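Please look over the sequence and the model below before reading on. The text that follows walks through the fold in a few steps.

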Amino acid sequence: MSLHRFFLEDQVIAAETAEVFPLRLAPDDARHARVLRLAPGEHVAVVDAASDYFECEVVAVDGGLPEVRVARRLDAPDEGPAVLLVQGLAKGDKMDDVIRHATELGVAGFVPLRCARSVVRLDERKAASRVERWRAIAKSAAMQSGQHRVPEVSAPLTVAQACEALAGATAVLVCWEEAPSAARLGEALRGALAATETRVPADARVAVVVGPEGGLAPDEVDALLACNPRASLVSLGPSILRTETAGVVAPALVLYELGGLGGTGA
């Protein structure tokens, strides 16, 4: 049975001097701990602010919050290649769903993308509020699914800003409904990785771009393809997928392909 997992934002366990100490949980994590009704003797997995991994035994519970001792220090997992989802801003709760489900798959980071055809228009205040919400969703999904890291969620970027950020990526896969059916994702990924020393370098960073409800405009596609020499246009098949569907299917396919190429996944 997998252990309940907690991520500490400002507590380094190696710096704790007492054998038994409280976990300084963020407010949302504290609420989660209370819901779990942890009891003495239970074990939990903890990733601290130094990104070190521990298995801790609950010794006592004070107001629903656990006081623990370190049962053992765990080796940091082999993270493998990182998959980054560049997702066109979508309306309603669609972004919430994409971030939640893609985090459960193992996506390492999200870049909300401001596109010409995006229905959603966020001012600075609304954008900050949404990003805070998306980060909370990513953290909750990472805890629930037993991920070894919480995905990063950036502030929304314009296409020009995203192009600058993706210039150094190992591969950029631009999903577009107008791409020819022969533009297969697996082949594009293998082509981008062909020049590397190993089949799937452990530090590879693969970006997957998905447009908003209205799709990517042709000039946006051109810019994304020009921003990186290992950028490729890819098709997700003959069906026209909703943006919230493509935002989960595309990174899932990339993670599958990376595993099949001999990597450990993200």
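The paragraphs below treat the sheet, one glutamate within it, the salt bridges and the nonpolar cores of this predicted model.

Strand β3 (residues 43-47) pairs with β4 in the antiparallel sense over five bridges, and Val46 stands opposite Phe54 in β4.

Glu55 has its place in strand β4 (residues 53-62), and it counts as buried because its relative accessible area is 12%, under the limit of 20%. The side chain of Glu55 makes a polar contact of 2.8 Å with the side chain of Arg72. Beyond its neighbours within four places in sequence, Glu55 is in contact with a set of residues that includes Leu3, His43, Val44, Arg69 and Leu74.

Arg69 forms a salt bridge with Glu19, with the closest N and O atoms 3.3 Å apart; since Glu19 lies in the loop between β1 and β2 while Arg69 belongs to strand β5, the pair ties together parts that are 50 residues apart in sequence. Glu19 is exposed, at a relative accessible area of 57%, whereas Arg69 is partly exposed, at 27%. Arg69 also forms a salt bridge with Glu57, where the closest N and O atoms are 3.4 Å apart, and this pair links strand β5 to strand β4, so it ties together parts that are 12 residues apart in sequence. Glu57 counts as partly exposed, at 24% relative accessibility.

Another salt bridge joins Arg100 and Asp97, whose closest N and O atoms are 3.2 Å apart; both residues lie in helix α2, three residues apart, or about one turn of the helix.

Finally, the largest nonpolar core has 35 residues, and Leu85, Phe110, Trp134, Leu173, Leu189, Val208 and Val254 are those with the most contacts inside it. Among the elements that each supply at least two residues of this core are β6 (82-88), α3 (124-145), β10 (171-175) and α7 (243-260). A second, separate core of 22 residues includes Val86, Cys163, Ala169 and Ala231.

How values were computed: Residues are numbered from 1 along each chain as its sequence is written. This is a predicted model: local features need pLDDT of at least 70, side-chain atom pairs count only at pLDDT 80 or more; totals for chains, interfaces and linings use all residues. Side-chain values use heavy atoms; hydrogens and water are left out. Helices (H or I, at least four residues) and strands (E, at least two) are DSSP runs, numbered from the N terminus. Buried means under 20% relative accessible area, exposed over 50%, partly exposed in between (1.4 Å probe, protein chains only). A polar contact is a pair of N or O atoms within 3.5 Å; within protein, one must be able to donate a hydrogen and the other to accept it, and residues adjacent in sequence count only if both atoms are side-chain atoms. Contact means heavy atoms within 4.5 Å. A nonpolar core is a set of buried Ala, Val, Leu, Ile, Met, Phe, Trp, Tyr and Cys residues joined through side-chain atoms within 4.5 Å. Two strands pair if DSSP finds at least two bridges between them. A salt bridge is a side-chain nitrogen of Lys or Arg within 4 Å of a carboxyl oxygen of Asp or Glu.
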